[in-house]
Amino acid sequence: MTSHVVYPGSFDPVTNGHIDLVERSSRVFGQVIVGVASGHGKEPLFPVEERVALMRQATASMRNVRVESFDGLLVDYLRQKESCVVIRGLRAISDFEYELQMALTNRQLSGEIETIFLMPSQEYVFLSSRIVKAVAGLGGDVSAWVPPVVFEALRRKYSRAPKEVPGVS
Ligand code: PNS
C-alpha cells in the first residue's frame, strides 16, 4: 500500500488543467510527487529546470506536493520513490489510446505499478500545453489557461525585440 503517488509529465509548460489534477490528487493521496520528465522527444520550449521552477511556484500553496525532475524510465523513478501509483489525466477519447499504451507499457515493465486516471474539470477538457504554446506563440491571450507565473514566462519567451526605428539610435 502506498499513500504517495507520482504525477509525471512534460509540463512544457504547466497549464491550469495540470494544476487542477495536482489539486485533485493532493486531496485524495497523502503526498503527490510531480515528476517533470527531463527527456523529451523533441526540443522543449522550456528547459527542465524552468519547468520545475514554474510547477513549484504554481503549486506552492499545496503542502503535500513535491516537485522534482526525473530522467530515464518512469518505472525506475517510481521504484526510487517507493511508490507504485502513477496519476495521469484523461481529458477526452483522443487521449485514451496514448494513455492506454503508456499504462500497459509501464505495467509490462513493472507488474506492481498501477495507473490511476483522473478527469480534469470540464473547463480544461480542451486544454493542452501544445495549444497554449500555439496560441501564445501567435500573440493570443492565454491568461485564463495557465498560472500567472507561466503567463509571465510565456510573455518573456515570446516577446519580440523592439523594432528598430530608422534614424533613431
Ligand atoms: O506530458 P506527457 O508528455 O504526456 O508525459 C509523458 C511522460 C513524460 C509521462 C512519458 O513520456 C514518460 O513516462 N517518460 C519517461 C520515459 C518512459 O518511462 N517511457 C516509457 C513509458 S511510455
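Author: Let's start with a term: a polar contact is a pair of N or O atoms within 3.5 Å. Keep in mind that this is a predicted model.

Reader: Okay, so what is the distance between an oxygen atom of the ligand and an N or O atom in the side chain of S10?

Author: That pair is 2.5 Å apart, and with a cut-off of 3.5 Å, it therefore counts as a polar contact. R88 has a polar side-chain atom 2.9 Å from an oxygen atom of the ligand. For Y98, the distance from a side-chain N or O atom to a ligand oxygen is 3.0 Å.

Reader: And how much of the ligand does the protein bury?

Author: Here you compare the ligand taken alone with the ligand in place. On its own, the ligand exposes 540 Å², and 70% of that is buried by the protein.

Reader: Which pocket does the ligand sit in?

Author: The ligand is in the largest pocket. Two elements, β1 (4-9) and α4 (93-109), each give two or more residues to the shell around it. The top contributor is α4, with 3 residues.

Reader: Which residues are around the ligand?

Author: You'll find P8, G9, S10, A37, F70, G72, L73, L74, R88, Y98, M102 and N106 there. Sorted by class, that shell has 7 nonpolar, 4 polar and 1 charged residues.

Reader: Now the backbone. What should I expect for phi and for peptide bonds in general?

Author: Most peptide bonds are trans, and most residues other than glycine have a negative phi. That's the background for spotting the exceptions.

Reader: Which residues does a cis peptide bond join here?

Author: D12 and P13 are joined by one, with omega at about 0°. Look for P13 in the loop between β1 and α1 (16-28).

Reader: What about phi: where is F11, and what is its value?

Author: F11 is also in the loop between β1 and α1. Its phi is positive, about 50°, although F11 is not a glycine.

Reader: Is F11 buried or exposed?

Author: Buried means under 20% relative accessible area. F11 has 3% relative accessibility, so it counts as buried.

Reader: And what does E82 look like, with its phi and its place in the chain?

Author: E82 isn't a glycine either, yet its phi is positive, at about 55°. You'll see E82 in the loop between α3 (74-81) and β4 (85-89).

Reader: Is E82 buried or exposed?

Author: The cut-off for exposed is over 50%. E82 counts as exposed because its relative accessibility is 66%.

Terms used:
Residues are numbered from 1 along each chain as its sequence is written. This is a predicted model: local features need pLDDT of at least 70, side-chain atom pairs count only at pLDDT 80 or more; totals for chains, interfaces and linings use all residues. Side-chain values use heavy atoms; hydrogens and water are left out. A residue is near a molecule or strand if one of its heavy atoms lies within 4 Å of it. A polar contact is a pair of N or O atoms within 3.5 Å; within protein, one must be able to donate a hydrogen and the other to accept it, and residues adjacent in sequence count only if both atoms are side-chain atoms. Accessible areas come from the Shrake-Rupley method with a 1.4 Å probe; for residues, only the protein chains shown count as cover. On a 1 Å grid over the protein atoms alone, a cavity is a set of points where a 1.4 Å probe fits but cannot get out, and a pocket is an open set with protein on both sides within 12 Å along at least five of seven lines; lining residues have an atom within 4 Å of a point. A molecule sits in a cavity or pocket if more than half of its atoms lie within 2 Å of its grid points. Helices (H or I, at least four residues) and strands (E, at least two) are DSSP runs, numbered from the N terminus. Ala, Val, Leu, Ile, Met, Phe, Trp, Tyr, Cys and Pro count as nonpolar, Asp, Glu, Lys and Arg as charged, and the others, Gly among them, as polar. Buried means under 20% relative accessible area, exposed over 50%, partly exposed in between (1.4 Å probe, protein chains only).
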